[in-house]
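Subject: Structure handover

Hello,

Here is the structure I promised to pass on. Please open it beside this message and read the two together.

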Amino acid sequence: MISLRDLRERLGEGTAVIGVVGLGYVGLPVAATFAEAGFPVIGVDLDAERVEEIRAGRSPIGGDEPGLAELVQEVTEAEALRVTTDHGELSEADVVLIAVETPIDETKKPRFEALEAALRAVGENMHRGTMVIVESTIAPGTTEHVVRPVLEASSGMEVNRDFAIGHCPERVMPGKLLHNLRSLSRVCGGYTQETAVTMAALYRHVVRGELDTADCVTAELVKTAENAYRDVNIAFANELALICEAAGGDVWQVRELVNKSPGRNVLLPGAGVGGHCLPKDPWLLALPVLELGRKPRLIVAARQTNDEMPLHVAEVTRQALQGAGIDLAGARVLVLGCSYRENTDDARNAPSRRLVEELRRSGLEVAIHDPFIEEHRWPLSEDDEFDATVLMVAHRQYVELDPSGLPGGIVVDARGIWRQHAAREPASYRYIALGVG
Ligand code: SAJ
């Protein structure tokens with residue numbers, strides 16, 4: 001059995017070498033924060049351009065990320081963070097954090113190719129006594145059935161005897177990457193209790209939140225469950241919006257009054273659920289029962305409800321155009337927002353993609369605008385020739401807009417951000433808010 005005592009000592013001294021595999025939304029802030037804490041950090045990524053940009057002291061992550069660009073510059077200039085495409089340099093690491101993508105495919109099955117490739121690269125280079133921690137979100141059981149076997153096969157070593165493994169799921173969020181990393185609590189899931197304790201000794205240097213120790217499967221369940229929980233709650237808000245439309249109610253008023261009741265917290269209905277977490281993590285959580293041939297009804301139904309919201313917005317738009325006597329063929333629609341959430345350039349699984357596909361499938365001409373995404377950033381003008389505008393993302397630039405200045409005589413507000421405007425004035429345009437019948 002390896003003793004992690006001397007690793008804990010080196011962690012206490014700040015001399016342990018930290019390797020980080022995958023320098024994206026999770027890995028780069030992690031690498032920079034451990035370097036800021038005084039550890040020598042080796043960051044590895046397959047993307048040579050990304051490595052070059054970071055080596056030059058620039059953060060390749062777009063959108064508003066307070067403090068990140070400055071931190072990356074600081075730690076690269078101080079040579080506290082060294083970045084490379086060569087996994088061989090991980091041989092110097094005492095701890096290796098893995099933060100690579102863990103997507104699901106069109107059948108909702110997890111695809112662990114990137115994770116397995118990273119694990120093999122680590123296994124082939126790590127020295128005896130290394131602690132390997134997966135930060136990527138993984139399905140319950142993945143540490144046992146994927147992480148452990150791949151590391152043992154590629155290293156020729158044995159877990160606990162020669163190296164340690166753990167799972168410490170990240171809780172980052174685009175727009176708050178550094179803030180969440182530093183302040184939110186973390187679950188340190190160790191393959192052994194001693195590993196979990198050693199993980200806490202590591203993260204204590206960068207995390208001000210609580211550090212809870214647990215086993216790996218608990219850590220896997222916590223992360224996927226917390227996002228499935230949020231997805232189900234958003235689905236409830238969306239279903240309530242659809243009911244309010246049918247009942248002639250206003251979901252924005254209804255949810256506000258419901259939430260005055262103790263213990264209620266109806267979230268925000270909207271144009272759909274995108275991002276790199278919520279569309280995927282419920283399927284990861286469900287995997288253990290899906291593998292038994294069973295389907296968790298609530299989680300799956302919630303995913304379907306959220307995935308259908310962009311289609312509902314498309315139908316509302318079509319009906320509004322037809323109601324105004326505008327022929328769908330060739331009608332021109334302006335879609336505002338194509339990132340997955342407000343004030344970020346991250347467009348992964350953005351609901352707008354499904355909306356645009358559906359509108360174009362109906363024969364409509366669609367133009368996309370988004371102030372955070374280079375190719376969709378252009379000056380809006382009320383003289384633009386559009387028949388309708390559809391608001392999909394509550395970017396602050398749109399919240400500040402007066403919708404009466406938007407092109408076209410129809411405004412479909414799928415995030416409910418302009419209700420006050422429409423309530424104030426006899427509108428020179430037809431205003432339709434999601435969830436208002
Ligand atoms: N959304 C709604 N209604 C809501 C909240 C969100 O429609 O009330 C939509 C958003 O528009 C977006 C999607 O859901 O399309 C996801 O939004 P999100 O606020 O959940 O943001 P994410 O995907 O970045 O979620 C992350 C998650 N954090 C991690 O996985 C570490 C999530 O667990 C957090 O709750 C969330 O950040 C947060 O609020 O911090």
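Below are the notes on what was found.

This is a predicted model, so local features need pLDDT of at least 70 and side-chain atom pairs count only at pLDDT 80 or more, while totals for chains, interfaces and linings use all residues. Residues are numbered from 1 along each chain as its sequence is written, and side-chain values use heavy atoms, with hydrogens and water left out.

**Cores**

The largest nonpolar core holds 46 residues. By nonpolar core I mean a set of buried Ala, Val, Leu, Ile, Met, Phe, Trp, Tyr and Cys residues joined through side-chain atoms within 4.5 Å. Buried means under 20% relative accessible area, exposed means over 50%, and partly exposed is in between (1.4 Å probe, protein chains only). F34, V41, L97, I133, L202 and Y203 have the most contacts inside this core. Helix α2 (residues 27-36) gives the core its largest share, six residues. Helices (H or I, at least four residues) and strands (E, at least two) are DSSP runs, numbered from the N terminus.

Take L202 as a way in. L202 touches L11, I18, F34, V95, L97 and I133, not counting residues up to four places away in sequence. Contact here means heavy atoms within 4.5 Å. Apart from the 46-residue core lies another, of 28 residues. Its members include V313, A320, V335 and I368.

**Ligand site**

The ligand is surrounded by 19 residues. A residue counts as near a molecule or strand if one of its heavy atoms lies within 4 Å of it. The closest are K223, N227, R230, Y340 and R341.

- R341: a polar side-chain atom lies 2.5 Å from a ligand oxygen.
- K223: a polar side-chain atom lies 2.7 Å from a ligand oxygen.
- R415: a polar side-chain atom lies 3.2 Å from a ligand oxygen.

On its own the ligand has 740 Å² of accessible area, and the protein covers 87% of that. Accessible areas come from the Shrake-Rupley method with a 1.4 Å probe; for residues, only the protein chains shown count as cover.

D346 sits in the loop between β9 (332-336) and α13 (351-361). D346 is buried, at 2% relative accessible area.

**Salt bridges**

The structure has 29 salt bridges. A salt bridge is a side-chain nitrogen of Lys or Arg within 4 Å of a carboxyl oxygen of Asp or Glu.

R396 and D64 form one of them, at 2.9 Å from N to O. R396 is in helix α14 (residues 396-399) and D64 in the loop between α3 and α4, so the pair ties together parts 332 residues apart in sequence. R396 is partly exposed, at 35%. D64 is partly exposed too, at 33%.

E152 and R148 pair within helix α6, where they are four residues apart and separated by about one helical turn. Their closest N and O atoms are 3.4 Å apart. E152 is buried at 18%, whereas R148 is partly exposed at 25%.

K280 and D281 meet at 3.1 Å, N to O. Both K280 and D281 are buried. R128, E158, R161 and D162 are linked in a salt-bridge network.

**Backbone and helix ends**

D47 caps the N-terminal end of helix α3 (residues 48-55), with a side-chain oxygen 2.9 Å from the backbone nitrogen of E49. After α3 comes G57, with a positive phi near 85°.

Most residues other than glycine have a negative phi. Which non-glycine residue has a positive phi of about 60°? That is E79, in the loop between α4 (68-77) and β3 (81-84). E79 is exposed, at 69% relative accessibility. N160 also has a positive phi, of about 75°. N160 lies in the loop between α6 (142-155) and β6 (164-167) and is buried at 16%.

Best wishes

Methods
A polar contact is a pair of N or O atoms within 3.5 Å; within protein, one must be able to donate a hydrogen and the other to accept it, and residues adjacent in sequence count only if both atoms are side-chain atoms.
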